[in-house]
Amino acid sequence: MSDAARVFRREEKKYLISSEQYAGLMETVGDRFLADKYGLSTVCSVYYDTPDFLLIRRSLEKPVYKEKLRLRSYGVPSENSRVFLELKKKYKGIVYKRREELALGEAESWLSGGEPPGDSQIMREIGWVLNGAYGKLVPAAFIACSRAAVCAREDPSLRLTFDGDLRYRADGLSLAAGDRGAALLPEGRFVMEIKTALAVPLWLSKALDRFRIYPASFSKYGKVYQDHILPEEIKCLTNCSSQYLKTVSLPVAI
């Protein structure tokens with residue numbers, strides 16, 4: 001894989017849209033785009049975090065700088081399938097992504113404490129995160145979606161992705177375990193992303209305004225944490241506290 005395919009610097013804007021907005025937008029500007037090399041695909045990701053979810057908690061605080069580590073595949077892989085280990089950094093709204101293509105088996109071995117399967121600048125950056133920058137990282141959540149991806153005819157660096165049928169699970173945290181999961185968004189809702197190294201062209205901005213498509217602060221992993229993982233943590237803490245109080249003998253007032 002070339003360095004250009006392994007390192008990205010771009011602006012990414014997210015939008016939550018309805019099926020009607022999706023249809024209207026593509027009817028208006030669809031002829032300006034071509035399907036990109038992934039076209040229609042099932043995107044599967046396992047996000048890595050500390051046991052106390054430090055990375056996503058910091059991310060949700062919207063700091064100037066944040067990063068995340070994930071293992072991604074297009075379709076459900078086998079042990080020898082090629083997958084992408086991605087370190088995604090965001091600074092002042094600009095996304096910097098480092099990506100290594102590895103066999104699933106060697107990627108999972110490295111992530112679980114094994115030796116890195118090679119030596120490169122990107123692997124060293126990923127290794128720094130794995131080896132103590134935040135403490136031990138473990139699989140935290142699986143997220144899958146059905147994605148349609150297109151790029152502009154005149155500027156292939158301008159990409160639109162439409163993610164539907166978002167689903168997640170907190171068990172079976174391996175890409176090889178299939179793409180099953182519980183629904184993350186209501187039916188008919190999509191996460192659209194505009195990814196570009198340049199400014200969004202005027203013709204696209206006008207189309208977004210026409211269909212009232214506005215930027216939204218949205219993180220797939222963040223939503224899983226806020227809506228599903230955090231409530232379970234709170235429930236656990238509440239139950240543990242309740243059980244503890246039942247075992248404590250309070251002093252008797254005289």
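Modeller: Ala, Val, Leu, Ile, Met, Phe, Trp, Tyr, Cys and Pro count here as nonpolar, Asp, Glu, Lys and Arg as charged, and the others, Gly among them, as polar. The model under discussion is predicted.

Colleague: By class, what does the lining of the largest pocket have?

Modeller: The residues that line the largest pocket number 25. Sorted by class, its lining has seven nonpolar residues, six polar residues and, finally, 12 charged residues.

Colleague: Which residues lie nearest the centre of the largest pocket, and which elements give two or more residues to its lining?

Modeller: The space in this pocket comes to about 570 Å³. Nearest its centre lie Lys 66, Lys 90, Ser 217, Phe 218 and Ser 219. Two or more lining residues come from each of strand S1 (7-18), H3, strand S3 (65-74), S4 and helix H7 (220-247).

Colleague: Which element gives the most to that lining?

Modeller: The count to look for is four residues in the lining of the largest pocket.

Colleague: Which residues are the closest to the centre of the second largest pocket?

Modeller: About 440 Å³ of space lies in the second largest pocket. Its lining is made by 21 residues, and the closest to the centre are Phe 8, Arg 10, Asp 36, Arg 99 and Arg 159.

Colleague: By class, how many residues of each kind does the lining of the second largest pocket have?

Modeller: The classes are those set out at the start, with Asp, Glu, Lys and Arg as charged. On that basis the lining of the second largest pocket has nine nonpolar residues, one polar residue and 11 charged residues.

Colleague: Is Phe 53 buried or exposed?

Modeller: Phe 53 sits in the loop between strand S2 (33-49) and helix H3 (54-60). Its phi is positive, at about 60 degrees, although the residue is not a glycine. Because its relative accessible area is 12% and the cut-off is under 20%, Phe 53 counts as buried.

Colleague: Which side chain does the side chain of Ser 45 join in a polar contact?

Modeller: Ser 45 is found in strand S2, and it is buried because its relative accessible area of 2% falls under 20%. Leaving aside neighbours within four places in sequence, Ser 45 is in contact with residues including Arg 70, Leu 71, Ala 141, Phe 142, Ile 143 and Leu 175. The polar contact, of 2.9 Å, is with the side chain of Arg 72.

Colleague: What share of the residues of the chain counts as buried?

Modeller: The chain has seven helices and nine strands, and its C-alpha trace spans about 80 × 45 × 35 Å along its principal axes. It exposes about 13600 Å², with carbon and sulfur atoms supplying 54% of that area. Of its 254 residues, the share that counts as buried is 46%.

Terms used:
Residues are numbered from 1 along each chain as its sequence is written. This is a predicted model: local features need pLDDT of at least 70, side-chain atom pairs count only at pLDDT 80 or more; totals for chains, interfaces and linings use all residues. Side-chain values use heavy atoms; hydrogens and water are left out. Buried means under 20% relative accessible area, exposed over 50%, partly exposed in between (1.4 Å probe, protein chains only). On a 1 Å grid over the protein atoms alone, a cavity is a set of points where a 1.4 Å probe fits but cannot get out, and a pocket is an open set with protein on both sides within 12 Å along at least five of seven lines; lining residues have an atom within 4 Å of a point. Grid points are joined across faces, edges and corners, and a volume is the space filled by probe spheres set on the points. Accessible areas come from the Shrake-Rupley method with a 1.4 Å probe; for residues, only the protein chains shown count as cover. A polar contact is a pair of N or O atoms within 3.5 Å; within protein, one must be able to donate a hydrogen and the other to accept it, and residues adjacent in sequence count only if both atoms are side-chain atoms. Contact means heavy atoms within 4.5 Å.
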